[in-house]
Amino acid sequence: MEAQFAEAKLSALLLTGLVAFATLVSCNTEGDILYKQKVAWEDPENVMQTWDPTLHNPCSWMHITCNNDNSVIRVDLLNVRISGPLIPQLGGLKNLQYLRLSGNNLTGTIPPSLGNLKSLEILELRNNALSGIIPASLGDIETLNYLDLNDNMLTGTVPLEILSRLVTTLDELNVAHNDLDGTTRKSVTRVTTVVHDMPKTSN
């Protein structure tokens, strides 16, 4: 009996240790991703000075918010003059809910890997210098309710995968002031911001 109790206690300790290790690995992985993004950016205002890769998780970094499990849920870097590309590894921030990077000088394309952010609710990339197409994979994010890509240099069309979200979870889509097919930046009357009401439900 004592042997069985000792075995059960050992199993419980091992399980607790594995959960703690998995959490630590997740935190380290997220910190690695964010630090790689920091390295890829120019930061003239030094707003990411606290992004120290030697810390065991990024939850104490400025502009980063974590949940109770020390997993990153928000990145808020609005109007801080950072410049450079978005790295594909950002798609590995599996619990990210808010990615707010508007008002900077981000360049390059929007990585399709952002479609892997299955908890993302708000994606703000307005007023940057992003180019290329809008990734259709953003339409795979069932939790996304606010998508602002206004005032970039995006081309192509708004993917149907994203437009279809307007009848389900996406409350607001703003793609004005880009170079999308069939539109012109100089047109005052062009409509590329879509705001819709919540769908009616039958009683």
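Predicted model: local features only at pLDDT ≥ 70, side-chain atom pairs only at ≥ 80, totals over all residues.
What is the mean pLDDT of the protein chain, and what share of its residues reach 70 or more? I looked that up before anything else. The mean is 84, and 76% of the residues get to 70 or more; pLDDT is the predictor's confidence in each residue, from 0 to 100.

Residues are numbered from 1 along each chain as its sequence is written, and side-chain values use heavy atoms, with hydrogens and water left out.

**Salt bridges**

I searched the whole structure and got five salt bridges (a side-chain nitrogen of Lys or Arg within 4 Å of a carboxyl oxygen of Asp or Glu). Side chains of opposite charge can pair when their charged atoms come close.

I checked R100 next: its salt bridge is with E124, and the closest N and O atoms are 2.9 Å apart. This pair links distant parts of the chain, since R100 is in strand β4 (residues 98-100) and E124 in strand β6 (residues 122-124), 24 residues apart. Strands here are DSSP runs (E, at least two residues), as helices are (H or I, at least four), numbered from the N terminus.

D76 and R74 meet in a salt bridge too, at 3.0 Å, N to O. Is D76 buried or exposed? D76 is buried, at 16% relative accessible area, while R74 is partly exposed at 24%. My cut-offs: buried is under 20%, exposed over 50%, partly exposed in between (1.4 Å probe, protein chains only). I then saw that R74, D76, R100 and E124 are linked in a network of salt bridges.

D148 pairs with R126, again by a salt bridge, with the closest N and O atoms 2.9 Å apart. D148 sits in strand β8 (residues 146-148) and R126 in the loop between β6 and β7 (131-133), 22 residues apart. D148 counts as buried at 1%, whereas R126 is partly exposed at 31%.

Most residues other than glycine have a negative phi. I noted N79, with a positive phi near 55 degrees. N79 lies in the loop between β2 (72-76) and β3 (83-85), and is exposed at 56%.
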